[in-house]
Amino acid sequence: MQVFRLCLKILKKQIPSMLIYIIIFLAIALIMSSATANEQQQDNSFTRAKSNMALISEENTPLIDGFKQELGKVANFVELPDDHEALQDALYFRSVSYILRVPEGFTESFMQGENVQLEKTIVPNSISNTYIDLCIDQYFNTARLYVQQMENISQESLVQYLKSDLAVGASVELKTVSDQSVNHNYANYYFNYLSYSLLSVLILGMAALMLVFYDSELKRRNACSPLSSKSVNLQFILAILVFTVLSCLIMVTFCILFNFKNSLNLNTVYFIINSFVFAVCGAGISFLIGNLVKSHNAIPAISNVVTLGLCFISGVFVPLELLGNTAIKIASFTPTYWFVKANNQIAELTQFGFADVEPIFSSMLIQIGFALAFFAAALVVNKKRRFD
Amino acid sequence: MIIEVNNLVKRYGDLTAVDHLSLAVNDGEVFGLLGPNGSGKTTTINCILSLLEYDQGEIEIFGQPMTPESYNIKRDIGIVMQNVAVYNELTVYENIDYFCGLYIPNNKLRKKLVLEAIDFVGLDEYSKFYPKKLSGGLLRRLNIACGIAHKPKLIILDEPTVAVDPQSRNKILEGILELNRQGATIIYTSHYMEEVEHICSRIMILDKGKAIATGTNGELKAMINMGEKITVQSNYMSAEQLAKISQLPNIVSAEHNSPLLVIKSSRGTNNLETVLDFIKKERIQHSKIYSELPTLNDVFLELTGKELRD
Ligand SMILES: Nc1ncnc2c1ncn2[C@@H]1O[C@H](COP(=O)(O)OP(=O)(O)O)[C@@H](O)[C@H]1O
Ligand SMILES: [Mg+2]
């Protein structure tokens with residue numbers, strides 16, 4: 001394992017320059033963490049305040065009536081005319097923060113087990129809406145369970161079951177509500193920003209490693225030894241792998257440390273999986289850059305251009321919505337975009353059925369596709385370089 | 001036979017870097033490849049080590065054909081490249097340990113060998129230094145230590161003394177002789193004839209990829225028709241005397257550029273005596289008189305018509 005150990009030693013030498021990125025990253029993460037902690041305390045005092053909402057139902061069924069009753073526990077209903085402009089005004093002037101529309105035929109489809117959606121219009125970033133969302137999810141998720149388990153259950157008995165279920169859970173429910181009010185904003189932000197630091201670290205380390213590894217004199221010297229080139233390459237790949245996983249692991253660990261309260265849930269698992277997928281992609285990018293770069297001095301500059309560019313256009317620093325449609329189109333050709341997108345999707349997750357996580361997995365798959373493309377490109381460059 | 005190269009040809013496009021070269025290195029020899037820059041020494045070494053593909057020829061080491069996959073052969077070779085090949089990220093100790101570790105997996109044995117190698121090249125005080133902090137001479141010594149730490153049977157050194165201070169150079173040359181005494185067969189390339197003359201038991205002279213002569217130091221010098229060169233410090237002599245000197249038996253030429261009289265003789269005995277007798281007889285005033293045997297440079301000059309030195 002001479003070569004493997006050599007690689008690790010070379011990488012260790014890069015730690016000082018990588019540390020800059022990690023420290024900045026962690027500093028920002030800590031500041032963020034204390035900021036969101038405050039936000040969450042306010043959050044708790046909101047629990048008892050009901051927010052105003054409008055429920056516009058295009059149908060009248062026992063299921064919806066039961067729903068209305070449950071919803072009444074967390075929201076005050078405001079009567080509004082079903083008129084587009086009036087509704088917009090109400091939202092604008094904050095007379096309601098949530099408008100929910102039950103489309104016609106909803107109940108029928110729902111009872112048949114079809115995947116149907118309520119239409120919601122909300123004031124963005126209103127925390128109290130979370131409780132309404134939770135209430136909706138809880139009611140219909142439980143209802144869906146009954147529909148799936150008991151064939152031909154009538155609406156009336158379903159509502160009865162739901163009523164007792166949700167009532168039984170009532171005292172507990174309050175707690176779960178405050179626990180459940182897990183705010184994924186912090187994790188979402190942390191993991192998005194992680195792409196920048198992780199990418200920087202990977203590029204710095206890998207490019208430095210490859211400059212040494214592909215140095216023609218040293219390569220020649222190593223070729224004189226009884227070590228087969230296969231073994232050399234395997235050890236090199238192993239070193240890259242360990243480096244990538246370790247870098248990712250360290251950064252992910254810090255998130256969990258900073259945000260422990262909010263970390264014990266499935267969302268975190270998905271965040272972590274997504275980070276590792278992105279790390280593989282980052283390894284691909286670094287491998288390609290490592291094959292292109294010709295001098296040690298060029299590494300930090302290239303690393304900065306690539307990471308800042310990728311992260312800026314993909315909505316790591318600035319929400320994508322602010323960048324406009326063209327930017328989003330361009331961004332979708334970058335792996336960071338899909339990483340950020342997956343993170344944002346994960347932050348929204350409350351259910352973990354296949355249909356819910358499927359879009360996340362497709363974002364991850366796209367990242368893996370990018371990773372493969374980068375590795376392939378790197379091999380082509382590598383071959384070309386050897387012939388020159 | 002340690003190495004046998006038969007009819008090796010290596011071309012770079014139109015340039016034939018190694019031209020139908022054959023050589024044999026015997027066990028226990030210090031075999032020198034002497035030639036000016038660009039004569040094909042490094043290319044020959046790289047072909048022997050299977051680092052380069054060649055156009056023609058056969059190469060055997062330790063009696064087996066050498067290929068890029070001949071790991072058993074490589075295990076017993078120590079190589080010191082012309083260009084220093086060490087890791088700037090590793091210290092002196094770590095570098096030697098790394099290269100030694102490519103051959104010696106056993107930690108305990110390796111540690112002993114590494115310390116021996118450090119001691120051998122005299123880098124004890126520098127073992128924690130990084131290569132960037134070493135002078136040219138010390139760096140060369142590190143390069144050598146990396147090549148020989150595993151105590152190989154065959155050691156190939158490609159111009160290990162280029163750009164090295166005289167002190168380091170002597171240490172390196174003595175070290176190579178010591179390795180040879182300890183039983184290693186050595187191949188040594190250089191464009192410095194003094195070095196080759198000093199340490200090599202057999203020498204091949206290369207020019208433009210061709211072997212133009214092979215033999216011991218004495219054998220090579222015997223190939224040419226030149227004897228000693230006699231230099232007399234003398235401020236004055238007549239043209240007549242000068243002409244007479246050139247007519248002495250075995251004397252090829254005599255030139256007087258005050259204060260030096262340079263007399264070249266062809267091979268033969270008592271040339272110096274003849275000259276001395278003449279000077280005494282003619283009462284030519286003089287201070288120092290000294291005589292030099294022909295050098296490999298003279299050999300090279302006579303065989304190729306040009307100087308070996310750049
Ligand atoms: N990679 C190469 N491509 C083309 N020509 C080369 C290459 N390497 C060496 N040469 C040429 O081959 C000849 C022999 O070079 P080399 O073996 O390095 O000589 P030496 O080691 O005796 O100085 C030189 O003319 C050199 O220019
Ligand atoms: Mg050379």
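Is the crossing of helix 4 of chain B and helix 5 of chain B left-handed or right-handed? The crossing is right-handed; by convention, left-handed is when the near helix is turned anticlockwise from the far one by less than a right angle, and right-handed is when clockwise.

Before the details, some housekeeping. This is a predicted model, where local features need pLDDT of at least 70 and side-chain atom pairs count only at pLDDT 80 or more, while totals for chains, interfaces and linings use all residues. Residues are numbered from 1 along each chain as its sequence is written, chains are lettered from A and ligands numbered from 1 in the order in which they are written, and side-chain values use heavy atoms, with hydrogens and water left out.

Back to that pair in chain B. Helix 5 covers residues 136-148, and helix 4 of chain B packs against helix 5 of chain B at about 145 degrees, with the axes 9 Å apart. Axes here are lines fitted to C-alpha atoms, for helices over the stretch in contact, and angles run from 0 to 180 degrees between N-to-C directions. Helices (H or I, at least four residues) and strands (E, at least two) are DSSP runs, numbered from the N terminus. From helix 4 of chain B, B:Ala117, B:Phe120 and B:Val121 meet B:Arg141, B:Ile144, B:Ala145 and B:Ile148 of helix 5 of chain B; contact means heavy atoms within 4.5 Å.

Helix 4 of chain B (residues 107-121) has another partner, helix 3 of chain B (residues 92-101): the axes come within 10 Å and cross at roughly 125 degrees. The two helices are therefore oblique to each other. On that scale, angles under 35 degrees are roughly parallel, over 145 roughly antiparallel, 65 to 115 roughly perpendicular, and the rest oblique. This crossing of helix 3 and helix 4 of chain B is right-handed. Among the residues making the contact are B:Tyr93, B:Ile96 and B:Cys100 on helix 3 of chain B, and B:Leu113, B:Val114 and B:Ala117 on helix 4 of chain B.

Now chain A. Chain A has 16 helices and four strands, and its C-alpha atoms fill a box of roughly 85 × 45 × 40 Å along the principal axes. Domain 1 is 2-37 + 184-387 and domain 2 is 51-166, with bounds from an automatic or database domain assignment. The C-alpha centres of these two domains of chain A lie 41 Å apart. Of the 388 residues of chain A, 46% are buried, where buried means under 20% relative accessible area, exposed over 50%, and partly exposed in between (1.4 Å probe, protein chains only).

One helix pair in chain A: helix 9 (residues 185-213) and helix 15 (residues 335-348) pack at about 170 degrees, axes 9 Å apart. That angle makes them roughly antiparallel. Their contact includes A:Phe191 and A:Leu194 from helix 9 of chain A, and A:Phe339 and A:Val340 from helix 15 of chain A.

Last, the cysteines. How many disulfides are there over all chains? The count is zero, with a disulfide taken as a pair of cysteine sulfur atoms within 2.5 Å. For A:Cys311, the nearest cysteine sulfur is that of A:Cys281, 12 Å away. A:Cys311 is buried, at 0% relative accessibility. For B:Cys100, the nearest cysteine sulfur is that of B:Cys146, 9.5 Å away. B:Cys100 is buried too, with a relative accessible area of 0%.
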